[in-house]
Protein chains: 2
Amino acid sequence: MRVLGVDPGLTRCGIAVVDGGTGRSVRAIAVDVIRTPVDAPLAVRLMQIADAAELWLDRYRPDVISVERVFSQHNVRTAMGTAQAGGVIALCAARRDLPVAFHTPSEMKAALTGSGRADKAQVTAMVTKVLGLTEAPKPADAADALGLAICHIWRAPMQSRLAEAQARAAQLAQAHKARLAAAARTAAKPARTRNK
Amino acid sequence: MRVLGVDPGLTRCGIAVVDGGTGRSVRAIAVDVIRTPVDAPLAVRLMQIADAAELWLDRYRPDVISVERVFSQHNVRTAMGTAQAGGVIALCAARRDLPVAFHTPSEMKAALTGSGRADKAQVTAMVTKVLGLTEAPKPADAADALGLAICHIWRAPMQSRLAEAQARAAQLAQAHKARLAAAARTAAKPARTRNK
């Protein structure tokens, strides 16, 4: 599975491609940071990000996109820009019929370090380690993009097993309910007969 | 000036086209609400919104897009979806080289009602009145999209006059500074001569 990881942002947008192998093995294919000028109009910045994302999708042909889900940030203005940058990249992927998965920062941190509250240094250290890189990826946005791709590779099989298990459980619950209803109907019949 | 107004949202996205005439006269050309299914994946919803926006841009060929600037909302998840919907529409416009203006809800309310704190009913009433509609536009998202288009038509000339005035003031300030510096140099010369 080839995953394009995106740590969205208007000023710095981390972008990375990671291949998943057997078990937990992962391999970094490419990583970079898309930058747009702070003084450019918002719509132009979004277009530059979308254009760069299209280039990455053309060049690396990932199977799925893993984007950081923005929940809240101290600076609302920054949070909106971050959400919009992630939104236009998700749109580029959807236009190519590629699935887009969103993972929260704490899901990514937990997948990589075992703790959803790990700091940036810890995430970078684990990204460097599991990818067997000789140097830590910089800036943090690049490391986060790699982390989001790895997070998806590791979580996706678990998530699909979970979805399967939930579907099976729902099926069993329905069958059980149907049996109960049938039993209730059978039990109710003599009662009605008695009342007549 | 023909303006496409957008009140962004994932579940309901208000969209409207308004033509500006001489003075404060405005005319409604079209208004609708783009809806996307709540249970569809986010990327697919964003694509449906972008596709609908493309249709409107093709059909009505506006000169400029006026989008609500999202600042904050009680529900962070909703705010993010709103920002993303606005972002993909801004992207569609930028790809066509159309300028995109963002106005905050209070700027829109102030332009229409004189108060940035006006409620939805008041905004709808003024939108209905200034456009000379026989019926109030519904739902509120449709009225807001019309309001954002009108807000841009009314504020744009003022904003460009303001920008011109600011540029002129900056020019004057620079000329004044240059004169002061020249005067200071002239005043400093005899002093230096005295010190020698």
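This is a predicted model: local features need pLDDT of at least 70, side-chain atom pairs count only at pLDDT 80 or more; totals for chains, interfaces and linings use all residues.
Glu68(A) lies in strand β4 of chain A, which spans residues 64–68. The residue is buried but has no salt bridge. For Glu68(A), the nearest side chain of opposite charge is that of Lys120(A), 6.6 Å away.

Other charged side chains are paired. Over all chains, the structure holds 14 salt bridges. One of them joins Arg2(A) and Asp19(A), with N and O 2.7 Å apart. This pair links distant parts of the chain, 17 residues apart. Arg2(A) belongs to strand β1 (residues 2–7), and Asp19(A) to strand β2 (residues 12–20). Asp19(A) has a relative accessible area of 17% and is therefore buried. Arg2(A), at 22%, counts as partly exposed.

A second salt bridge connects Asp58(A) with Arg96(A), the closest N and O atoms being 3.0 Å apart. The two residues are 38 residues apart. Asp58(A) sits in helix α1 (residues 42–60), whereas Arg96(A) is in the loop between α2 (76–95) and β5 (100–103). Both partners are partly exposed: Asp58(A) has a relative accessible area of 38%, and Arg96(A) one of 29%. Glu54(A) joins Asp58(A) and Arg96(A) in a network of salt bridges.

Arg155(A) and Glu107(A) also form a salt bridge, with 3.1 Å between the closest N and O atoms. Here helix α5 (residues 140–195), which holds Arg155(A), is linked to helix α3 (residues 105–113), which holds Glu107(A). The partners are 48 residues apart. Arg155(A) counts as buried at 17% relative accessibility. Glu107(A) is partly exposed at 27%.

Chains A and B meet in an interface. Each side is made of 27 residues. The area buried between the chains is about 2100 Å², and carbon and sulfur atoms give 71% of this area. Met80(B), Leu91(B) and Arg95(B) supply 25% of the area that chain B buries against chain A, more than any other three residues.

Polar links also cross the interface. There are 2 salt bridges between the chains. In one of these, Asp51(A) pairs with Arg95(B), with the closest N and O atoms 3.0 Å apart. Residue pairs in polar contact number 4. On the chain B side, α1 (42–60), α2 (76–95) and β5 (100–103) each give two or more residues. Of these, α2(B) gives the most, with 13 residues. By class, this side has 18 nonpolar, 4 polar and 5 charged residues.

Note on methods:
Residues are numbered from 1 along each chain as its sequence is written. Chains are lettered from A and ligands numbered from 1 in the order in which they are written. Side-chain values use heavy atoms; hydrogens and water are left out. Helices (H or I, at least four residues) and strands (E, at least two) are DSSP runs, numbered from the N terminus. Buried means under 20% relative accessible area, exposed over 50%, partly exposed in between (1.4 Å probe, protein chains only). Lys and Arg count as positive and Asp and Glu as negative; His and the chain ends are not counted. A salt bridge is a side-chain nitrogen of Lys or Arg within 4 Å of a carboxyl oxygen of Asp or Glu. Contact means heavy atoms within 4.5 Å. Buried area is the accessible area (1.4 Å probe) that two parts lose on being put together, summed over both. A polar contact is a pair of N or O atoms within 3.5 Å; within protein, one must be able to donate a hydrogen and the other to accept it, and residues adjacent in sequence count only if both atoms are side-chain atoms. Ala, Val, Leu, Ile, Met, Phe, Trp, Tyr, Cys and Pro count as nonpolar, Asp, Glu, Lys and Arg as charged, and the others, Gly among them, as polar.
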